[in-house]
Amino acid sequence: MENFQNYENFRAGFVAIVGRPNVGKSTLLNNIIGTKLSIVSPRPQTTRMRILGVKHLPDAQIIFLDTPGVQKGGDLLTKSVMESVVSGIESADVILMVIDAEAGWTKEDKEIVENYLKKVNKPAILAINKIDKIKRDLVLPLIEESTKIYDFKEFVPISAIKNLNIDELIETIKKYLPESPPLYPEDQITDLPLKFYIAEIIREKVFLNTRQEVPYSVAVEVESIKEGEKNKNLLIIDAVIYVEKENHKGIIIGKQGQMLKKIGMQAREELEFLLGKKVHLNLYVKVKERWKEDLPLLRELGYNQIS
Ligand SMILES: Nc1nc2c(ncn2[C@@H]2O[C@H](COP(=O)(O)OP(=O)(O)OP(=O)(O)O)[C@@H](O)[C@H]2O)c(=O)[nH]1
C-alpha cells in the first residue's frame with residue numbers, strides 16, 4: 001500500500017523495559033499495547049522471552065522490548081534469559097526501568113542499575129509502578145531517593161493496573177525517540193510467532209493453577225495449528241506441556257484429569273477470545289527431565305537467543 005503521509009516530526013524507536021521480577025513490566029506492556037502479549041501472573045519470573053510489542057501513535061511508533069526479570073541460576077535457560085536482557089538494552093534507544101512503589105528500592109533493583117544501566121550509555125526513564133498501593137505523600141520521597149541512585153532523565157509514577165499516568169509515560173518516552181518514519185507496518189503489534197503466543201497463554205494457565213516448583217518446571221510447545229476441514233472458523237491446536245518430574249505430571253493432570261481439563265478450558269476460552277475463532281485444544285503432558293538443559297528442545301520452544 002502506498003503511503004504519502006508526511007513523516008516530518010515523526011518519531012520511532014526501541015524501548016527496553018527492565019526491572020526485577022514482579023514489578024509489573026508485563027502488566028504495563030499489556031496496558032500500553034492494549035492486547036495481551038506477555039503473560040501476567042501473580043508469581044515472579046514468568047516472562048522468559050524478549051517480547052516485542054509495537055505502540056502505534058499518530059506521531060510516533062514505540063517498539064517495546066520486554067526484557068525478562070533479571071534472574072539467578074546457572075542453567076542454559078537462565079543464561080539465555082540474561083543474554084536477552086543485555087541484547088534488549090543494547091538495541092534500545094531508551095531504557096524504561098520499572099520499580100515497585102510499595103517495595104521501594106530493593107537490592108535487586110539496585111543491581112539492575114549497576115549491571116545494566118551503568119554499563120550502557122542510554123537515556124533511562126524510571127517508572128514507579130503500583131502507586132495505587134502507597135500513600136500519595138510517599139511518592140515524592142521515592143523520587144528523591146531515585147535521583148541519588150541513578151541519573152534518570154525522567155521519573156513517572158504510574159499504576160499499570162489502574163491505568164494511572166500511562167499516557168504521561170508514553171509522552172515522556174516519545175521525547176527520547178529519534179526522529180524516524182515508522183519502522184513497522186501499522187497492523188503489527190507483535191512479531192511473536194503464533195505458536196509461541198499460544199504456548200505462552202497455555203503456560204500462563206498452568207502457572208495460575210499450580211503451586212510451588214511445579215509452574216517453574218513447565219514448558220509448553222505447540223506442535224500444530226490446523227484449520228477445521230469443514231469449518232474454517234475452527235482452529236485445532238495440539239500442544240505438549242513438558243514437566244521435569246513424574247509427580248509434576250500427576251499434579252498437572254490432576255484427579256481424573258480434572259486439572260488438565262481446567263487448564264485446557266481456561267486456555268481455550270482465552271484463545272477463542274484473542275483469535276476470534278472457535279478453538280479445539282488438545283493438551284498432552286510429557287515428562288522431560290532437565291528440559292532446561294536440552295538445547296535442541298529450548299530452540300524448538302523458541303528460546304532462539306541461545307547461541
Ligand atoms: N496493585 C498493583 N498491582 C500491579 C500493578 N502492576 C502489576 N501489578 C501486579 O503485580 C504482579 C506482577 O506483574 P507482572 O506484570 O507479571 O510483573 P513482571 O514485572 O512482568 O514480572 P516477570 O514476568 O516475573 O518479570 C501481578 O500480580 C500484577 O497484577 C499495579 O500498578 N498495581
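**Questions on burial, pairing and cores**

Me: Asn 22 lies in the loop between E1 and H1. What makes Asn 22 count as partly exposed?
Reply: This is a predicted model, in which local features need pLDDT of at least 70, side-chain atom pairs count only at pLDDT 80 or more, and totals for chains, interfaces and linings use all residues. Residues are numbered from 1 along each chain as its sequence is written. Asn 22 has 18 other C-beta atoms within 10 Å. A residue is buried with 20 or more other C-beta atoms, placed from the backbone, within 10 Å of its own, exposed with 12 or fewer, and partly exposed in between. The value of 18 therefore makes Asn 22 partly exposed. Asn 22 also has a positive phi of about 80°, although it is not a glycine.

Me: Why is Asn 163 called exposed?
Reply: Asn 163 has 11 C-beta neighbours inside 10 Å, so it falls in the exposed class. This residue is in the loop between strand E6 (154-157) and H5, and its phi is near 60°, a positive value in a residue other than glycine.

Me: How do you know that the buried residues of H3 are on the same side?
Reply: The buried residues of H3 are Asp 109, Ile 112, Val 113, Tyr 116 and Leu 117. They cover an arc (of the directions from the helix axis to the C-beta atoms) of only 105°, which puts them on the same side of H3. On the other side, Lys 107, Glu 111 and Glu 114 are exposed.

Me: What makes E7 and E8 a pair of strands?
Reply: Strands are DSSP runs of E with at least two residues, and helices are runs of H or I with at least four, both numbered from the N terminus. Two strands pair if DSSP finds at least two bridges between them. Eight bridges join E7 (residues 219-227) to E8 (residues 234-243), so these antiparallel strands pair. Ile 225 has Ile 237 in E8 as its bridge partner, and six residues separate the two strands of this hairpin.

Me: How do you know that E8 also pairs with E9?
Reply: Ten bridges join E8 to E9 (residues 278-287), so these parallel strands pair as well. Ile 236 stands opposite His 280 in E9.

Me: Why is the set that includes Val 15 and Ile 95 called a nonpolar core?
Reply: A nonpolar core is a set of buried Ala, Val, Leu, Ile, Met, Phe, Trp, Tyr and Cys residues joined through C-beta atoms within 7 Å. The largest such core has 41 residues, and those with the most contacts inside it include Val 15, Ile 95 and Met 97. Strand E1 (11-18) and helix H3 (107-117) are among the elements that each supply at least two of its residues. A second, separate core has 26 residues, including Ile 202 and Tyr 242.
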